[in-house]
Amino acid sequence: LTPPSVRPPAVVLLPGEKFFVRRIPLTPGQDAALQVELALETFGPFSPAQIFHGFCPSRDGRQALLFAAYRKNFSAEEIAAWATADVVLPEFALWLAPTNPPAAGAWLYESKSVLQLIAWDGCELPAGLLFRKTDHTPAEIAAGELQDEATKRLGVPADSPRRLGGKTVI
């Protein structure tokens, strides 16, 4: 007999810019998944069946960062490729619920041709995440636009965002 082959867990990271991200309040002690689905219904024209979604609850259960993407943002081939994956997450999963959340402000991370701005307001979960493709826009201009949007929408300080660099590990 030969032992069964052991394959490493497959993790698929999806492009973050295909998702919308919102931090929502939760009622502790109640079903968080149900609360997230109800919140999703208030955010847009798509029913939960038309979107891929997930969430990361805070440790105290008082809030969650929900993320969702319209199913049509992904091709049939992309979706089929996930069938063998153990976990499918947006690439920004590494910013969810760190052990020591950063102080209030904005953090900028550039990956491929996309800028990610992670806005923190002192809570355990990010206040929000914003994305901008830089294919046809210089990264510095896109970074300025993201910072302006984060200041207006999420209330983060208008200071220049701190840059994150190097390799990241989830």
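The model is predicted: local features need pLDDT of at least 70, side-chain atom pairs count only at pLDDT 80 or more, and totals for chains, interfaces and linings use all residues. Residues are numbered from 1 along each chain as its sequence is written, and side-chain values use heavy atoms, without hydrogens or water.

Start inside. A nonpolar core is a set of buried Ala, Val, Leu, Ile, Met, Phe, Trp, Tyr and Cys residues joined through side-chain atoms within 4.5 Å. Buried means under 20% relative accessible area, exposed over 50%, and partly exposed in between (1.4 Å probe, protein chains only). The largest core has 22 residues, and Phe19, Phe92 and Leu129 are among those with the most contacts inside it. Strands S3 (51-57), S4 (63-70), S6 (105-111), S7 (114-120) and S8 (128-133) each give it two or more residues. Strands (E, at least two residues) and helices (H or I, at least four) are DSSP runs, numbered from the N terminus. Beyond four places in sequence, Leu129 is in contact (heavy atoms within 4.5 Å) with Val21, Leu65, Phe92, Trp95, Leu117 and Ile118. Another core lies apart, with twelve residues including Ala106, Leu108, Ala142 and Leu146.

Now the charges. A salt bridge is a side-chain nitrogen of Lys or Arg within 4 Å of a carboxyl oxygen of Asp or Glu. The structure holds seven. Asp121 pairs with Arg23, with the closest N and O atoms 2.5 Å apart. Asp121 lies in the loop between S7 and S8 and Arg23 in strand S2 (residues 20-25), so the bridge ties together parts 98 residues apart in sequence. Glu124 pairs with Arg59 at 3.3 Å between the closest N and O atoms. This pair links the S7-S8 loop to the loop between S3 and S4, 65 residues apart. Glu124 is buried at 18% relative accessibility, whereas Arg59 is exposed at 56%.

The Arg153 bridge to Glu149 has its closest N and O atoms 2.6 Å apart. Both sit in helix H3 (residues 139-154); they are four residues apart, so about one helical turn separates them. Bridges with shared partners join Arg132, Glu145, Glu149 and Arg153 into one network.

Last, the cysteines. A disulfide is a pair of cysteine sulfur atoms within 2.5 Å. The whole structure has zero disulfides. Cys56 is buried at 14% relative accessibility, while Cys123 is partly exposed at 27%.
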